[in-house]
Amino acid sequence: MWARPEEVMITLGAQQALSLVIRLFTGPSTVFGIEDPCYPDARHMAALLTPHLRLLRMDRHGAVADETLAGCDVVMLTPARQCPTTVAMPLERQLEVLRVASGRGTVVIEDDYDGGLFDEGRASGCLRSHDPRVIHIGSFSKLIAPGLRIGYVVAPARVIEELRAVRRLELRHPPLNNQRTLANFIALGHYRAHRHRLGSVMVERARLIDRSLANDLPELLCRRTPGSTGAWLELPSHLTAAAVTARARRDGVLIEPGDVFFADPGVQRSHLRLGFTSIPADRIEAGISTLARLLHDAPSRADSRDRPPADHPARIRTAHPGA
């Protein structure tokens, strides 16, 4: 992906980038398409601005380029590794999505939330590498430090000009000392070296997750696309993610219920997301083993006492995936 300076804007993390871009392109009559499941706060941001949300159909290759997508004014996608299912959109599907969007004049927003944290296998590239009209959002927070809060938007120069005007009214700009520090970090070669070291750590954790899930929970449907910082699990239908999450928490294992990622959490209640960017490698196998024991010992019906209360963090989660 190539960009001129006038096609790039620095933001206060990817969160602000999403907010500014969605606000710029969304009004009361905008038909906004978003994946289901998806990053919930992106859906909430759009829902605050338009009642015309369209849930994009998903398959094993990601968002489907069908009549729903073709009927949208704006679509937001996570093609590199879909949030939260980790599905990687292959090149053929990327080109099909871009062709359909171009025919309607649909604005395509691409959220690259993982930011190439580590490499496992061959990637098909980002949407913007195929079409410079795509609005690409990324972040340095996960690769360097969540507290850094430096994200960016890559888009056509006219869009960046408008985004800068909106950002000025809201925040002016992210702290210049953080920007300068990061710029020096990159220029001196530390960024590349750090990414290489971090990639080795992530690959080790990813292999542990994959092996532990295969050994301890072979009966579950598990998905983790190479390069993904989390695994997406589908539980047996008689279990709910809320009940399993509550029981695991009591035993010291923190997992994420998947229902919050769906537009209708009441329909899809049997998914879990396991992230591994913040857990030491030597604790992964024990955690999966504990989770397996809980699932194997779980009653056939979810106990309502195990459901998190309404104000439980799982219900109001706002952290970006992988944080």
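Predicted model: local features only at pLDDT ≥ 70, side-chain atom pairs only at ≥ 80, totals over all residues.
Student: How many salt bridges does the structure hold?
Tutor: Side chains of opposite charge can pair when their charged atoms come close. A pair is counted when a Lys or Arg side-chain nitrogen lies within 4 Å of a carboxyl oxygen of Asp or Glu. By that criterion, the number of salt bridges in the structure is 13.

Student: Which residue forms a salt bridge with D59, and where does that partner sit?
Tutor: The closest N and O atoms of the D59 pair are 2.9 Å apart, and the partner is R93. The two residues are 34 residues apart, so the pair links distant parts of the chain. D59 belongs to strand β4 (residues 58-59), and R93 lies in helix α4 (residues 91-104).

Student: Which residue pairs with D210, and in which loop is it found?
Tutor: D210 is in helix α7 (residues 190-216), and its partner is 14 residues apart from it. The closest N and O atoms of this salt bridge are 2.8 Å apart.

Student: Why is helix α2 described as largely enclosed by the rest of the structure?
Tutor: Helix α2 covers residues 40-47. Its buried residues are P40, D41, A42, R43, M45 and A46. What covers them includes α1 (13-25), β2 (32-35), β3 (53-56) and β6 (74-77). Helix α2 is largely enclosed because the buried share is 6 of the 8 residues.

Student: What is the orientation of α7 and α9 to each other, and what is the hand of their crossing?
Tutor: Two packed helices are described by the angle between their axes and the distance between the axes. For α7 and α9 (residues 284-297) the angle is about 25°, with the axes 9 Å apart. Angles under 35 degrees count as roughly parallel. The two helices are therefore roughly parallel, and their crossing is right-handed.

Student: Which residues make the contact of α7 with α9, and what is its make-up by class?
Tutor: From α7 come R205, L208, I209, R211, S212, L213 and D216. From α9 come I284, E285, I288, S289, A292 and H296. By class, the contact has 6 nonpolar, 3 polar and 4 charged residues.

Student: Is T86 buried or exposed, and which residues is it in contact with, leaving aside neighbours within four places in sequence?
Tutor: T86 lies in the loop between β6 and α4. Its relative accessibility is 3%, so T86 counts as buried. Beyond those neighbours, T86 is in contact with R81, R223, R224, T225, S228 and G230.

Technical notes: Residues numbered from 1 in each chain as written. Heavy atoms only, no water. Helix = DSSP H or I, 4+ residues; strand = E, 2+ residues; numbered from the N terminus. Buried < 20%, exposed > 50% of the residue type's maximum accessible area, 1.4 Å probe, protein only. Contact = heavy atoms within 4.5 Å. Axes fitted to C-alpha atoms, helices over the stretch in contact; angles between N-to-C directions. Parallel < 35°, antiparallel > 145°, perpendicular 65-115°, else oblique. Left-handed = near helix turned anticlockwise from the far one by under 90°. Nonpolar A, V, L, I, M, F, W, Y, C, P; charged D, E, K, R; others polar.
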